[in-house]
Amino acid sequence: MFAITGITGKVGGAVASQLLAAGQPVRAVLRDVARAGPWAELGCEIAMARMEDAASLTAAFEGAKGVFILPPSEFDPEPGFPEARAVIDAVSKAIMKARPEKVVCLSTIGAQAQESNLLTQRTLMEQALRKMPMPVTFLRPAWFMENAAWDVASARRDGVIASYLLPLDKPVPMVATADVGRVAAELLQQTWGGVRIVELEGPRRISPNDLASTFARVLDRPVHAEVVDRQTWEALFRLQGMKYPLPRMRMLDGFNEGWIDFEGHLDGIAHGDIELEKVLGELVSTSTAYCVKN
């Protein structure tokens with residue numbers, strides 16, 4: 001039995017779907033019983049748990065051959081990352097008590113960075129789970145291609161995507177969430193010892209200009225990227241409702257300045273199969289269907 005957290009999200013759902021397709025038993029770990037139905041229909045065992053509640057997580061992990069940890073993302077964390085630390089504490093206690101045979105944890109590119117930023121939440125999780133007595137794999141994927149969902153409306157309406165990544169011609173490691181889920185499922189079914197890190201990106205690196213040109217092909221209209229001035233970021237993020245924009249700003253700085261990157265040698269980085277055009281096509285199609293429905 002494989003216990004999968006975050007199963008209602010893109011990555012967790014992909015992990016579970018891959019395992020089910022391989023004939024593996026899956027325990028769906030959810031916090032909202034209203035979302036359990038589709039997974040129960042697929043044959044999953046259901047476990048209700050909150051990621052910050054050690055007792056419910058322990059019950060969800062007990063007897064598991066492997067556990068997939070997908071930490072919830074806090075996009076506007078308070079100083080010191082108290083939200084992430086609460087989850088880390090609960091997950092660590094639950095793993096120690098339940099003693100699953102192995103753990104695969106979704107981390108991130110740049111988890112080894114020394115400078116504090118939004119991704120430090122994953123750094124802290126890695127530091128805690130490295131102490132576990134069972135084999136642990138940290139899967140460090142690149143920037144998700146699906147982040148381009150935020151650009152669909154402006155690309156379609158105005159032919160412009162606003163880029164916080166710069167310069168516009170700098171290729172950045174990106175990967176589709178379906179590839180992340182597929183690789184995570186493969187890792188769960190492997191045997192290894194100790195702690196290992198697997199870094200993952202897509203078939204090729206993508207610049208903001210590449211993103212714009214791919215949108216142009218998908219939308220069949222001219223699209224170009226425009227740099228968002230670094231001096232405006234804080235005000236823009238606060239207008240979006242953020243109270244603590246600095247971690248997000250420093251994450252973007254890390255990509256732009258190069259200190260958020262893969263830790264290993266290029267030859268050791270795993271590659272997904274899914275191209276950006278496929279992901280953008282699905283995002284545009286979903287967005288169009290939503291607009292028509294609403």
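Tutor: Let us begin with a definition: a salt bridge is a side-chain nitrogen of Lys or Arg within 4 Å of a carboxyl oxygen of Asp or Glu. Side chains of opposite charge can pair when their charged atoms come close. Here the side chains of E234 and R238 form such a salt bridge, at 3.1 Å from N to O.

Student: Before we continue, what kind of model is this, and how are its residues numbered?

Tutor: This is a predicted model, in which local features need pLDDT of at least 70 and side-chain atom pairs count only at pLDDT 80 or more, while totals for chains, interfaces and linings use all residues. Residues are numbered from 1 along each chain as its sequence is written, and side-chain values use heavy atoms, with hydrogens and water left out.

Student: Where do E234 and R238 lie?

Tutor: Helices (H or I, at least four residues) and strands (E, at least two) are DSSP runs, numbered from the N terminus. Both E234 and R238 belong to helix α9 (residues 233–239), where they are 4 residues apart, about one turn of the helix.

Student: How many salt bridges does the structure hold?

Tutor: The structure holds 20 salt bridges. One of them links D253 with R250, the closest N and O atoms being 2.8 Å apart. D253 and R250 are separated by about one helical turn, because they are 3 residues apart in helix α10 (residues 246–257). Both D253 and R250 are buried. Salt bridges that share partners also join E126, R130, R140, E199 and E263 into one network.

Student: What does the salt bridge between R205 and E201 look like?

Tutor: In this pair, the closest N and O atoms are 2.9 Å apart. E201 counts as buried because its relative accessibility is 3%, whereas R205 is partly exposed at 30%.

Student: How should I read the sheet, and in what order do its strands come?

Tutor: The general idea is that two strands pair if DSSP finds at least two bridges between them. In this structure, 8 strands form an open sheet with parallel pairing, in the order β3-β2-β1-β4-β5-β6-β10-β12. β3 (45–48) and β12 (270–271) are the edge strands, each pairing on one side only. Within the sheet, β4 (residues 66–69) and β5 (residues 103–106) run parallel and are joined by 3 bridges. F68 has V104 in β5 as its bridge partner.

Student: Which strands does helix α3 touch?

Tutor: Contact means heavy atoms within 4.5 Å. For directions, axes are lines fitted to C-alpha atoms, for helices over the stretch in contact, and angles run from 0 to 180 degrees between N-to-C directions. Helix α3 (residues 54–61) packs on the sheet and touches β1 (2–4), β2, β3 and β4, its direction making about 165° with that of β2.

Student: Which residues is G12 in contact with?

Tutor: G12 lies in helix α1 (residues 10–21). Leaving aside neighbours within four places in sequence, G12 is in contact with I4, T5, G6, I7, F68 and L70. G12 is buried because its relative accessible area is 0%.

Student: What should I note about the backbone at P167 and at D220?

Tutor: A cis peptide bond, with omega about -5°, joins L166 and P167. P167 sits in the loop between β8 (160–163) and β9 (174–175). D220 has a positive phi of about 55°, although it is not a glycine. The loop that holds D220 runs between α8 (208–219) and β11 (224–227), and D220 is exposed, with a relative accessible area of 70%.

Note on methods. Buried means under 20% relative accessible area, exposed over 50%, partly exposed in between (1.4 Å probe, protein chains only).
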